[in-house]
Number of protein chains: 2
Amino acid sequence: MNLLDLAKKRKTVRKFKKETPDIEDIKYAINVAKEAPSGKNDQPWHFVLISKKEDKEKIREICEKGEKQFYENSKGELREWLEKMGFTWKKPFLSEAPFLLFVYSHIKSPFSRESVWLSIGYLLLALEERGLGTVTYTPANFKDVSDYVGLPKEYRLEVILPIGYPDDSKPKYDRKSLDEILTI
Amino acid sequence: MNLLDLAKKRKTVRKFKKETPDIEDIKYAINVAKEAPSGKNDQPWHFVLISKKEDKEKIREICEKGEKQFYENSKGELREWLEKMGFTWKKPFLSEAPFLLFVYSHIKSPFSRESVWLSIGYLLLALEERGLGTVTYTPANFKDVSDYVGLPKEYRLEVILPIGYPDDSKPKYDRKSLDEILTI
């Protein structure tokens with residue numbers, strides 16, 4: 001399979017099968033991610049993999065508290081979009097996914113945020129290659145959830161990736177045409 | 001070839017062969033990149049592909065002006081690293097690469113910077129798959145070079161990707177081990 005097929009096949013997954021994937025597949029994806037380039041080759045990424053039921057439930061509880069507040073405060077175009085998409089403050093995938101992968105960036109590295117998100121691009125494709133699904137979940141209250149996990153010193157939480165075998169019937173969202181996004 | 005092999009093979013390239021690649025290969029890589037997920041599915045990326053000799057020379061001139069100032073002002077650990085790596089303010093790849101791909105993010109989209117850099121991860125792997133090399137070049141003076149190209153309205157320049165067939169003997173920089181970057 002070429003990369004275009006893989007990238008087209010890959011969609012956001014918020015529902016997961018109960019079956020726990022082999023942890024080696026997640027390590028594989030991180031091994032791919034760490035090959036990404038980075039500012040000053042600092043490799044400013046750190047990953048924390050969580051699988052304990054109690055931890056996931058507590059993380060879900062903390063995140064949903066932040067989400068409730070976010071939904072209460074959201075208005076205008078964003079609120080309409082959230083409603084249209086059927087999103088609510090409930091984030092069951094945080095406790096239902098077999099794994100939660102926390103991705104951090106080193107705050108003092110040059111272009112650390114950019115480098116880490118570039119590596120997340122590598123990571124998502126590698127998960128897809130291994131038949132695993134995820135969603136780039138960015139909590140409304142980064143600090144609260146970071147404090148619970150015990151943020152590595154000098155690192156900033158960028159995203160939580162719930163990982164498991166896909167069980168989500170939602171189709172992939174449409175993409176713009178090449179003409180719309182490329183000027184030659 | 002699996003993704004891990006592709007990612008391991010991919011290294012930063014600053015020297016290019018004179019031969020001009022098929023523009024379809026670059027379009028292929030952008031087609032891969034645009035499959036990436038993004039905040040609110042806004043697809044906040046825009047690409048501008050430049051190949052005219054005069055444009056590339058002017059862009060190099062503008063960027064090198066910014067680089068000279070950056071090198072004069074850099075000190076401490078950063079300066080030592082730059083010297084150790086043999087980097088200078090000269091950026092010949094900006095005029096020598098057959099193509100310069102400017103990548104922009106929409107300033108009003110949620111998580112636009114994160115989304116665009118994630119898509120750049122897709123893009124780099126797709127270029128590698130097609131045998132093309134690049135470097136994620138971030139100019140010291142974003143504004144000056146953006147003004148020359150004619151920044152799309154409400155978009156911010158994230159990176160310039162010089163693209164061509166690799167002709168760079170520098171080896172890939174080492175990567176940390178999995179144990180160093182993963183906490184389970």
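Reader: A:Glu77 first. Buried or exposed?

Author: A:Glu77 is exposed, with a relative accessible area of 63%. Exposed means over 50% relative accessible area, buried under 20%, and partly exposed in between (1.4 Å probe, protein chains only). Keep in mind that this is a predicted model: local features need pLDDT of at least 70, side-chain atom pairs count only at pLDDT 80 or more, and totals for chains, interfaces and linings use all residues. Residues are numbered from 1 along each chain as its sequence is written, chains are lettered from A and ligands numbered from 1 in the order in which they are written, and side-chain values use heavy atoms, with hydrogens and water left out.

Reader: Which side chain meets A:Glu77 in a salt bridge?

Author: That of B:Lys40, at 3.8 Å from N to O. A salt bridge here is a side-chain nitrogen of Lys or Arg within 4 Å of a carboxyl oxygen of Asp or Glu. The pair crosses between chains: B:Lys40 sits in the loop between α2 (23–33) and β1 (45–50) of chain B, and A:Glu77 in helix α4 (residues 76–85) of chain A. Helices (H or I, at least four residues) and strands (E, at least two) are DSSP runs, numbered from the N terminus.

Reader: And B:Lys40, buried or exposed?

Author: B:Lys40 counts as buried, at 18% relative accessibility.

Reader: How many salt bridges over all chains?

Author: 30. Between chain A and chain B the count is six. B:Lys172 and A:Glu35 form a salt bridge through their side chains, at 2.8 Å from N to O.

Reader: Which residues are linked in a network of salt bridges?

Author: A:Arg113, A:Arg156, A:Glu158 and B:Glu114.

Reader: Back to α4 of chain A. What does A:Arg79 meet?

Author: A:Glu83, in a salt bridge of 3.2 Å, N to O. Both lie in that helix, four residues apart, about one turn. An α-helix has 3.6 residues a turn, so residues three or four places apart point the same way. A:Arg79 counts as partly exposed at 35% relative accessibility, and A:Glu83 as exposed at 53%.

Reader: What about B:Arg79 and B:Glu83?

Author: Their side chains meet in a salt bridge too, at 3.2 Å, N to O. They lie four residues apart in helix α4 (residues 76–85) of chain B. B:Arg79 is partly exposed at 35%. B:Glu83 is exposed at 54%.

Reader: New topic, the two copies. What rotation superposes chain A on chain B?

Author: A rotation of 180°, with 0.0 Å of shift along its axis and an RMSD of 0.0 Å. The two copies are thus related as by a two-fold rotation axis. The same surface serves both: 100% of the contact residues of chain A recur in chain B. The superposition is by least squares on the C-alpha atoms of residues with pLDDT of at least 70 in both copies.

Reader: How many residues of chain A are in contact with chain B?

Author: 56 residues of chain A touch 56 of chain B. Contact means heavy atoms within 4.5 Å. The chains bury about 5,400 Å² between them, 65% of it on carbon and sulfur atoms. Buried area is the accessible area (1.4 Å probe) that two parts lose on being put together, summed over both.

Reader: How many residue pairs are in polar contact across the interface?

Author: 36, with both residues at pLDDT 80 or more. A polar contact is a pair of N or O atoms within 3.5 Å; within protein, one must be able to donate a hydrogen and the other to accept it, and residues adjacent in sequence count only if both atoms are side-chain atoms. Elements giving two or more residues to chain A's side include α1 (3–9), α6 (112–129) and α8 (178–181) of chain A. The largest share, 11 residues, comes from α6(A).

Reader: Last one. B:Glu158, buried or exposed?

Author: Buried, at 2% relative accessibility. B:Glu158 lies in strand β4 (residues 155–164) of chain B.

Reader: Which side chains make polar contacts with the side chain of B:Glu158?

Author: B:Ser105 is one of them, at 2.7 Å. B:Trp117 is another, at 2.9 Å. Leaving aside neighbours within four places in sequence, the contacts of B:Glu158 include B:Arg113, B:Thr138 and B:Phe142.
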